[in-house]
Amino acid sequence: MMNYSSRPPEDPAVRAQDLTVVRGARTVLRGLDFTVPRGQVTGLLGPSGCGKSTLMRAVVGTQAKVTGALDVLGRPAGHPALRTRIGYVTQAPSVYDDLTVRQNLDYFAAILRPGSASADRRQDVERVLTDVDLTPHADALAGALSGGQRSRVSLAVALLGTPELLVLDEPTVGLDPVLRRDLWRLFHTLAAERGATLLISSHVMDEAERCHRLLLMRAGEILADDTPDALRTRTGSETVEAAFLHLVDAANAAGSTGRTGRTKETTR
Ligand SMILES: Nc1ncnc2c1ncn2[C@@H]1O[C@H](COP(=O)(O)OP(=O)(O)OP(=O)(O)O)[C@@H](O)[C@H]1O
């Protein structure tokens, strides 16, 4: 198992209290309480449809019908002052197919820092190309790239402004194991060397082992908010996947006996 040392939690990057989101006729997130510590990699894991993307959109301030309290980097989520401090990568890569990778990045760098010198922009662009390992494809049209390469261009765009908080929605979907490993190394480098906070969603449980902390979700609720080690120990499980299944069974059993399905515990 991989173990990543935890830095002491200070003021968290994200603090949610009774966070609730209604979409259409459905309550998609139900009264969530959680924090995301600064300078760490927090994994948001759970099955498809459990509400991961909705939670991320609430954090970056693009989700409607959010109630409860949600503070991000010391401000209410969605505050205009947060725009340049947060990098958000959605599941659908947002790049211009008729521009090359470098042209895409230069374009977004110019928007991010209007009036900046072209030499400074070039430096930023080369840095993020290296970060996501796309330098060999820098002059390829984005439309000619594979799905995984296009997602890495989106990630590179998010890295341009050296954001304090990176919110990444399933960034490793469709990537081969080597690229997945390299991206997870990059995520840890961003946290350890640049002090960035990363909130990363995935429904691949083996990625959970790579996180400092985990928010395990199911059906709009948080089942656990803990470290991978603590989760395994607490449930007597070998893997985070087995721990998750244990918690799901416990929640179902509690539900069928009329008790609350919420089994959230935290060691923080
Ligand atoms: N516009 C909408 N109206 C009503 N319900 C919606 C709407 N959009 C999404 N939902 C529901 O909200 C729930 C949460 O969706 P969300 O996309 O946040 O889940 P997710 O965990 O990110 O899923 P995935 O891993 O498949 O991306 C889902 O059950 C979905 O059906």
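In strand 8, V167 has L199 as its bridge partner. Strand 7 (residues 165-169) and strand 8 (residues 197-202) run parallel, with five bridges joining them. Helices (H or I, at least four residues) and strands (E, at least two) are DSSP runs, numbered from the N terminus, and two strands pair if DSSP finds at least two bridges between them. Before going on, keep in mind that this is a predicted model: local features need pLDDT of at least 70, side-chain atom pairs count only at pLDDT 80 or more, and totals for chains, interfaces and linings use all residues. Residue numbers start from 1 along each chain as its sequence is written.

Now zoom out to the sheet around that pair. Six strands make up an open sheet in the order 6-7-8-3-9-10, and the pairing is mixed. Strand 6 (86-89) and strand 10 (221-226) sit at the edges with a single partner strand each, so one side of each has no neighbour in the sheet. From one strand to the next, the twist averages 15°.

What lies on this sheet? Helix 5 (residues 177-194) packs on it, touching strand 3, strand 7 and strand 8. The direction of helix 5 makes about 155° with that of strand 8. Axes here are lines fitted to C-alpha atoms, for helices over the stretch in contact, and angles run from 0 to 180 degrees between N-to-C directions. Touching has a cut-off too: two residues are in contact if their C-beta atoms, placed from the backbone, lie within 7 Å. Helix 1 (residues 52-60) lies across strand 3 (41-45), strand 6, strand 7, strand 8 and strand 9 (213-218), and runs at about 155° to strand 7.

Helix 1 turns up again at another sheet, where it touches strand 1 (14-23), strand 2 and strand 4, with its direction at about 120° to that of strand 1. This open sheet has four strands in the order 2-1-4-5, with antiparallel pairing. Its edge strands are strand 2 (26-36) and strand 5 (75-76), each pairing on one side only. Strand 1 and strand 2 run antiparallel and are joined by seven bridges, with V14 standing opposite V36 in strand 2. The two strands form a hairpin with two residues between them, and G24 in the turn has a positive phi of about 60°. Over at strand 4 (residues 66-72), two bridges make the link to strand 5, again antiparallel. There, D71 stands opposite P76 in strand 5.

Next come the helices that pack on each other. Two packed helices are described by the angle between their axes and the distance between the axes. Helix 2 (residues 101-112) and helix 3 (residues 118-131) pack at about 125°, with axes 9 Å apart. That angle makes helix 2 oblique to helix 3; angles under 35 degrees count as roughly parallel, over 145 as roughly antiparallel, 65 to 115 as roughly perpendicular and the rest as oblique. Which residues meet here? R102, L105, D106, A109 and A110 in helix 2 meet R121, D124, V125 and V128 in helix 3. These contact residues divide into five nonpolar, no polar and four charged. For the sorting, Ala, Val, Leu, Ile, Met, Phe, Trp, Tyr, Cys and Pro count as nonpolar, Asp, Glu, Lys and Arg as charged, and the others, Gly among them, as polar.

Helix 2 also packs with helix 4 (residues 147-159), at an angle of about 30° and with axes 10 Å apart. That makes helix 2 roughly parallel to helix 4. In this contact, V101, N104, L105 and F108 in helix 2 meet V153, A156 and V157 in helix 4.
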